[in-house]
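Here are some notes to read alongside the model. Have a look at it first, then work through the points in order.

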Amino acid sequence: MKYGYKRPLTNDEDSKCQLKDIPNIETYTEHHPYTKKRHELEALVMKLSDGDQLYVQNFVVLADSLTHFQDLLRVFERDQVTVIFIDENIKSKDILSMNLIEVLELMTELQTKIKRHQSIFGVREAQKKGKIIGRPKKSDDNLNRAFFMYESKEYTLLQIKEETGISKSTLYRYLDQFKQ
C-alpha cells in the first residue's frame with residue numbers, strides 16, 4: 001500500500017506543494033508544524049506494515065531532529081516499510097554510493113533545515129502570543145548620550161557602558177546603522 005505524510009513547512013505552510021504527483025496514495029496530513037502532538041504521524045506509523053511504501057516530500061517533513069529521524073527509520077526498517085524521500089531522491093532501503101563527506105553534508109543540511117523550521121515556526125507562535133521577538137530597543141536618550149560620549153573621545157568604552165548601560169558591541173552596532 002502507498003501512503004503519504006505531509007505537514008506545514010516554512011516554504012509550504014498549507015502543505016499543498018507536497019506529494020503532488022503520486023497516484024493512488026493514502027495521505028496523512030498534519031495541520032501544524034510543531035514537534036509535539038504529531039497525531040497524524042503517530043497514526044500512520046501504527047498503520048504501516050510489511051511491504052508498504054511511505055512517501056514524504058523531504059527529510060524535514062518526517063523528522064524533528066536527527067535522533068527522531070534515526071528512530072523513525074529504525075521502526076520503518078523493522079516493519080519492512082520503504083520510505084521514499086522525493087526531494088532527496090532517496091529510498092530508505094537503497095544502499096547509497098556516497099562517500100563519508102557526502103553523507104555528512106546531507107545530515108548537516110538536514111540538521112540546518114530542521115533548526116530553521118523550528119525557529120521560524122517558534123517565532124511565529126511566540127508572536128501570536130504577543131511576545132516581542134529580537135533585541136530590546138535602547139532608549140533614544142541613552143543612545144544619544146552614548147554617541148555624544150563616544151564622539152567626544154573623553155570617555156572610555158567602559159565609562160560609556162557604566163553611564164548609559166550600552167555595551168561596546170551594541171554601541172558599535174548602532175553607530176554602524178546610523179552611518180549607513
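1. How many nonpolar, polar and charged residues does the lining of the second largest pocket have, by class? It has three nonpolar, six polar and four charged residues. For the classes, Ala, Val, Leu, Ile, Met, Phe, Trp, Tyr, Cys and Pro count as nonpolar, Asp, Glu, Lys and Arg as charged, and the others, Gly among them, as polar.

2. Some ground rules. This is a predicted model, where local features need pLDDT of at least 70 and side-chain atom pairs count only at pLDDT 80 or more, while totals for chains, interfaces and linings use all residues. Residues are numbered from 1 along each chain as its sequence is written, and side-chain values use heavy atoms, with hydrogens and water left out.

3. About 240 Å³ of space lies in it, a volume being the space filled by probe spheres set on the points, which are joined across faces, edges and corners. Of its 13 lining residues, Leu9, Thr10, Asn11, Asn58 and Lys113 lie nearest the centre. The helix α4 gives the most to this lining, with three residues.

4. The largest pocket holds about 440 Å³ of space. Its lining counts 20 residues, with Phe69, Leu73, Ile90, Ser92 and Leu96 nearest the centre. Two or more lining residues each come from α3 (66-78), β5 (90-91) and α4 (100-128), and α3 has the largest share, seven residues. By class, there are 13 nonpolar, two polar and five charged residues here.

5. Now the strands (helices are DSSP runs of H or I, at least four residues, and strands runs of E, at least two, numbered from the N terminus). Strands pair if DSSP finds at least two bridges between them. β4 and β5 pair in the antiparallel sense over two bridges, and Ile84 stands opposite Lys91.

6. On β4 (residues 82-85), Thr82 and Ile84 point one way and Val83 and Phe85 the other, yet all are buried (under 20% relative accessible area, with exposed over 50% and partly exposed in between, 1.4 Å probe, protein chains only).

7. Finally, Lys36 sits in the loop between β2 (26-29) and α1 (39-47). Lys36 counts as exposed because its relative accessible area is 63%.

Notes
1 Å grid on protein atoms, 1.4 Å probe; cavity = no way out; pocket = protein on both sides within 12 Å on 5 of 7 lines; lining within 4 Å.
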